[in-house]
Amino acid sequence: MTSELDIFVGNTTLIDEDVYRLWLDGYSVGDAVALRVRSGILEQTGATAAVLQSDTMDHYRTFHMLERLLHAPPKLLHQLIYQIPPSRQALLIERYYAFDEAFVREVLGKKLSKGTKKDLDDISTKTGITLKSCRRQFDNFKRVFKVVEEMRGSLVDNVQQHFLLSDRLARDYAAIVFFANNRFETGKKKLQYLSFGDFAFCAELMIQNWTLGAVDSQVDDMDMDLDKEFLQDLKELKVLVADKDLLDLHKSLVCTALRGKLGVFSEMEANFKNLSRGLVNVATKLTHNKDVRDLFVDLVEKFVEPCRSDHWPLSDVRLFLNQYSASVHSLDGFRHQALWDRYMGTLRGCLLRLYHD
């Protein structure tokens with residue numbers, strides 16, 4: 001009597017998402033096994049501790065072998081050694097390049113160099129993120145920066161094309177690269193209340209409006225570098241606060257439009273000239289690298305903190321900034337409307353994001 005036996009052989013690489021997370025978080029095999037035991041996996045599966053140890057080691061070996069491909073994600077898609085479904089490939093890439101908010105806040109705006117890398121021990125201790133995970137995240141930031149820094153075209157598109165990240169994660173990396181390139185200060189005590197998301201929002205506005213790419217899509221490093229000619233031209237805005245007649249007229253226009261609409265009208269009227277000088281002076285100093293780096297410090301000091309001390313609600317801040325920006329178009333003696341709009345359009349968005357009432 002003859003028996004027939006069907007045999008199926010597959011070579012699909014198995015990816016355990018939970019073990020992958022433990023590996024990404026920098027846990028050793030022993031620590032990962034202990035955490036898996038604590039999760040109740042032995043009871044759920046009926047496996048022994050020895051089998052769990054072997055399974056974890058096997059997954060770790062696979063992840064280590066895949067890591068060199070994850071450094072250049074298109075290689076993962078085109079290789080034939082590991083049979084991984086497209087949805088799993090996308091998951092591996094997205095999670096490998098994901099980062100911790102606490103970590104990115106510690107390095108945002110710093111030079112992605114060996115000097116900063118030496119600080120990772122301290123960052124690990126401060127944030128509670130393993131040193132291995134800190135190194136992976138830092139190396140990812142540096143790798144993306146190195147690949148896209150000399151490219152033409154949209155920064156977000158370049159990140160997506162070369163690292164196959166989701167739109168949201170690519171935008172986050174574009175913000176990290178932009179901040180690293182321009183060295184914006186984010187670590188001062190008075191800026192600690194701001195999240196990475198706050199800075200990324202502002203980075204996106206600046207990339208869209210203040211970079212070379214905002215006016216010329218064929219320029220090298222178009223989304224990386226601020227438009228130096230634009231920054232130089234901002235000195236022309238000084239007349240708004242240096243000319244007493246213009247300053248008085250600007251104040252009169254804003255006060256007339258907002259009377260009866262602002263809960264903090266009297267505070268706004270009394271402090272208008274100081275606020276206007278602060279906002280205009282920030283613009284006129286952006287030709288100096290140090291003042292570019294201190295942009296967010298200056299915005300908080302010159303605008304956010306004074307308004308906070310007078311207890312402005314966010315709704316009043318929005319009304320004021322909208323009217324403050326628009327009223328300049330009614331100043332007959334002012335000849336730099338387009339320049340003003342390019343500056344204040346971005347600054348208004350940033351200030352509203354920075355203002356937490």
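**Helices and loop residues in a predicted model**

Reader: Where does Gln 137 lie in this predicted model, and is Gln 137 buried or exposed?
Author: The model is a predicted one. Gln 137 lies in helix H10. Buried means under 20% relative accessible area. The relative accessibility of Gln 137 is 0%, so Gln 137 counts as buried.

Reader: What span does helix H10 reach from its first C-alpha to its last?
Author: Helix H10 covers residues 131–148, which is 18 residues. At 1.5 Å a residue the expected span is 26 Å, and H10 comes close to it, reaching 26 Å.

Reader: At what angle do the axes of H11 and H12 cross, and is the crossing right-handed or left-handed?
Author: H11 spans residues 155–163 and H12 spans residues 167–182, and their axes come within 8 Å. The axes cross at roughly 120°, and the two helices are therefore oblique to each other. The contact is made by residues including Leu 155 and Val 159 of H11 and Ala 170 and Tyr 173 of H12. With an angle of roughly 120°, the crossing of H11 past H12 is right-handed.

Reader: What is the phi of Leu 164, and where is this residue placed?
Author: Most residues other than glycine have a negative phi. Leu 164 has a positive phi. Leu 164 is partly exposed, because its relative accessible area is 31%. The phi of Leu 164 is near 55°, and its place is the loop between H11 and H12.

Reader: Is His 311 buried or exposed?
Author: His 311 is found in the loop between helix H19 (295–309) and helix H20 (314–327). His 311 is not a glycine, yet has a positive phi of about 60°. Exposed means over 50% relative accessible area. At 64% relative accessibility, His 311 therefore counts as exposed.

Reader: Which backbone nitrogen does the side chain of Gln 79 reach at 2.8 Å?
Author: Gln 79 is found in the loop between helix H5 (73–78) and helix H6 (86–97). Gln 79 is buried, because its relative accessible area is 14%. Leaving out residues up to four places away in sequence, Gln 79 touches Leu 69 and Gln 89. The backbone nitrogen that its side chain reaches at 2.8 Å belongs to Ile 81.

Conventions:
Residues numbered from 1 in each chain as written. Predicted model: local features only at pLDDT ≥ 70, side-chain atom pairs only at ≥ 80, totals over all residues. Heavy atoms only, no water. Helix = DSSP H or I, 4+ residues; strand = E, 2+ residues; numbered from the N terminus. Expected span 1.5 Å × (residues − 1). Buried < 20%, exposed > 50% of the residue type's maximum accessible area, 1.4 Å probe, protein only. Axes fitted to C-alpha atoms, helices over the stretch in contact; angles between N-to-C directions. Parallel < 35°, antiparallel > 145°, perpendicular 65-115°, else oblique. Left-handed = near helix turned anticlockwise from the far one by under 90°. Contact = heavy atoms within 4.5 Å. Polar contact = N/O pair within 3.5 Å; in protein donor to acceptor, adjacent residues only side chain to side chain.
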